[in-house]
Amino acid sequence: MRKTTLITGGTGYIGTHTALALINAGHNVLVLDNLCNSYRESIVRLERLTHTRVDFINGDVRDSILVDDVFRRYDIDAVVHFASLKSVEESVRRPLDYYANNFAGTLNLCATMARNDVFNLVFSSSATVYGDPTRIPIAEDFGTGKPVNPYGRTKLMIEELLTDLCNSDPRWNIALLRYFNPIGAHESGMIGEDPKGRPNNLLPCLTQVATGRIPELTVYGCDYPTVDGTCVRDYIHVVDLANGHLKALQVLQHRSGINFWNLGTGVGYSVLQIIHSFEDVTGITIPYRFAPRRLGDIAKCWADPSKAGRELGWSAQRGLEQMIIDTWRWQSCNPQGYQTSFEIPAPIEAK
Ligand code: NAD
Ligand code: UD1
């Protein structure tokens with residue numbers, strides 16, 4: 001039986017792009033997802049892109065009988081764990097769901113891995129674990145801060161759980177990947193971000209304004225101590241992010257214990273810079289209005305990605321213009337997301 005990489009949450013935004021990167025690099029992948037924030041169609045698109053059958057199990061990482069059965073049926077040697085709820089705003093209203101899904105889900109996954117002698121794990125963490133940093137760019141050795149919402153706290157708790165696990169048993173090889181702000185989509189326009197429900201993140205909101213689904217963009221805060229008063233973030237192309245997982249899996253083959261890596265570009269852009277770049281690339285004017293600061297937002301956040309450069313041999317390759325071209329290609333080819341019947345896209349040139 002061929003060694004398999006299990007991807008939990010693999011029909012989601014980052015999971016689909018990572019599955020593609022892994023398949024293209026010769027991995028045999030198995031996707032486990034309960035589809036609570038994604039669509040089965042992403043597997044169909046992956047199969048069309050790779051000309052390969054992609055094994056998919058519609059199931060929940062908290063279901064220990066099902067997950068145990070998955071480990072018995074497949075020869076799994078590594079897990080990339082994306083399955084998580086990720087809305088900050090929802091986590092404030094429904095903390096129990098977030099702790100149960102994200103924390104208890106990871107607990108069950110790790111217990112099942114250990115029972116089945118699988119000890120290689122790549123985990124989706126977030127820059128949110130740094131809280132409000134006192135210095136930027138943020139390096140891994142700053143240590144973690146205080147995340148300001150339940151979603152962020154589940155990520156920090158899981159990081160601590162996984163660190164304890166590595167300290168307790170030298171067989172564990174774990175990568176904690178701290179993502180900055182993933183945007184963009186695969187250049188084919190066939191896979192991209194399609195969350196269920198109302199989006200809260202900047203790019204999904206911006207593209208909804210561009211397509212006329214919402215009349216104007218709300219820009220939260222214009223009085224931050226930044227270049228133009230709006231918040232600055234480190235936006236990273238999802239394909240670069242996906243490649244970071246491939247590198248982490250390779251490095252875990254000969255590196256044990258707990259490992260922390262920032263996945264960001266090292267460059268920050270303000271909300272207004274993003275809006276103006278989007279307008280330049282697409283030729284579409286984005287109406288926006290300023291509103292008060294959003295609770296929990298920090299002024300500036302970007303990565304020092306040099307540790308990932310040194311230790312993983314990874315760095316982001318795609319700039320902001322590419323991120324916006326690819327976001328817009330995905331959005332315009334798939335106005336209803338994965339519920340759109342797919343047409344081969346015409347090339348989009350920057351204006
Ligand atoms: P996503 O919602 O698109 O993907 C998560 C997937 O997990 C979804 O397909 C969902 O259906 C699935 N899922 C959720 N709970 C599950 C469960 N109990 N069992 C099985 N499947 C389950 O999100 P994404 O943007 O692809 O994020 C992937 C991971 O990266 C998440 O852990 C998220 O917290 C983390 N992350 C994301 C960002 C971001 O901006 N997108 C930033 C930092 C970290
Ligand atoms: C948010 C979460 C973070 C999570 C990440 C990915 C908060 C405080 N942080 O990061 O924990 O890991 O998403 O899910 O929610 N903006 C607008 N108008 C909008 C939407 C956003 O002005 O309609 C601004 C925000 O105020 C922020 C920037 O755009 O300054 C980026 O926002 P967003 O995409 O939500 O990412 P983060 O807040 O950085």
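Analyst: Helices (H or I, at least four residues) and strands (E, at least two) are DSSP runs, numbered from the N terminus. This is a predicted model, where local features need pLDDT of at least 70, side-chain atom pairs count only at pLDDT 80 or more, and totals for chains, interfaces and linings use all residues. Residues are numbered from 1 along each chain as its sequence is written, chains are lettered from A and ligands numbered from 1 in the order in which they are written, and side-chain values use heavy atoms, leaving out hydrogens and water.

User: Where does Asp117 lie?

Analyst: Asp117 is not a glycine, yet has a positive phi of about 60°. Its relative accessibility is 55%, so Asp117 counts as exposed (buried is under 20% relative accessible area, exposed over 50%, partly exposed in between, with a 1.4 Å probe and protein chains only). Asp117 lies in the loop between H5 and S5.

User: Is His51 buried or exposed?

Analyst: The loop between helix H2 (41-50) and strand S3 (55-58) holds His51. His51 has a positive phi of about 55°, although it is not a glycine. Its relative accessibility is 75%, so His51 counts as exposed.

User: At what angle do helix H3 and helix H5 pack?

Analyst: Axes are lines fitted to C-alpha atoms, for helices over the stretch in contact, and angles run from 0 to 180 degrees between N-to-C directions. H3 covers residues 64-73 and H5 residues 95-115; their axes are 10 Å apart. The packing angle of the two is about 35°.

User: Which residues of H5 make the contact with H3?

Analyst: Contact means heavy atoms within 4.5 Å. From H3 come Ser64, Val67, Asp68 and Phe71. From H5 come Asn108, Leu109, Thr112, Met113 and Arg115.

User: How many residues of the contact of H3 with H5 are charged?

Analyst: Ala, Val, Leu, Ile, Met, Phe, Trp, Tyr, Cys and Pro count as nonpolar, Asp, Glu, Lys and Arg as charged, and the others, Gly among them, as polar. The contact holds 4 nonpolar and 3 polar residues. The number of charged ones is 2.

User: How far apart are the C-alpha atoms of Trp172 and Ala114?

Analyst: Trp172 is in the loop between H6 and strand S6 (173-179). It has a relative accessible area of 2%, so Trp172 is buried. Not counting residues up to four places away in sequence, Trp172 touches several residues, including Met113, Ala114, Phe119 and Leu165. Trp172 and Ala114 are 58 residues apart along the chain, and their C-alpha atoms are separated by 8.9 Å.

User: Which side chain lies 2.7 Å from the side chain of Glu159 in a polar contact?

Analyst: Glu159 belongs to helix H6 (residues 150-168) and is buried, with a relative accessible area of 2%. A polar contact is a pair of N or O atoms within 3.5 Å; within protein, one must be able to donate a hydrogen and the other to accept it, and residues adjacent in sequence count only if both atoms are side-chain atoms. The side chain of Glu159 makes one such contact with the side chain of Ser125, at 2.6 Å. The partner at 2.7 Å is Arg178.

User: How far is the backbone oxygen of Gly12 from a polar side-chain atom of Thr16?

Analyst: Thr16 is part of helix H1 (residues 13-24). Its relative accessibility is 0%, so Thr16 counts as buried. From the backbone oxygen of Gly12 to the polar atom in the side chain of Thr16 is 2.5 Å.

User: How many residues surround ligand 1?

Analyst: A residue is near a molecule or strand if one of its heavy atoms lies within 4 Å of it. Asn37 has a polar side-chain atom 2.7 Å from an oxygen atom of ligand 1, while polar backbone atoms lie at 2.9 Å in Tyr13 and 3.1 Å in Cys36. Among the closest residues are Asp33, Lys86 and Tyr151, and the number around ligand 1 is 27.

User: Which residue has a polar side-chain atom 2.8 Å from an oxygen atom of ligand 2?

Analyst: Ligand 2 is surrounded by 20 residues, with Leu202 and Thr218 among the closest. Arg233 places a polar side-chain atom 2.6 Å from an oxygen atom of ligand 2. For an N or O atom in the side chain of Asp297, the distance to a ligand 2 oxygen is 2.6 Å. The residue at 2.8 Å is Arg294.
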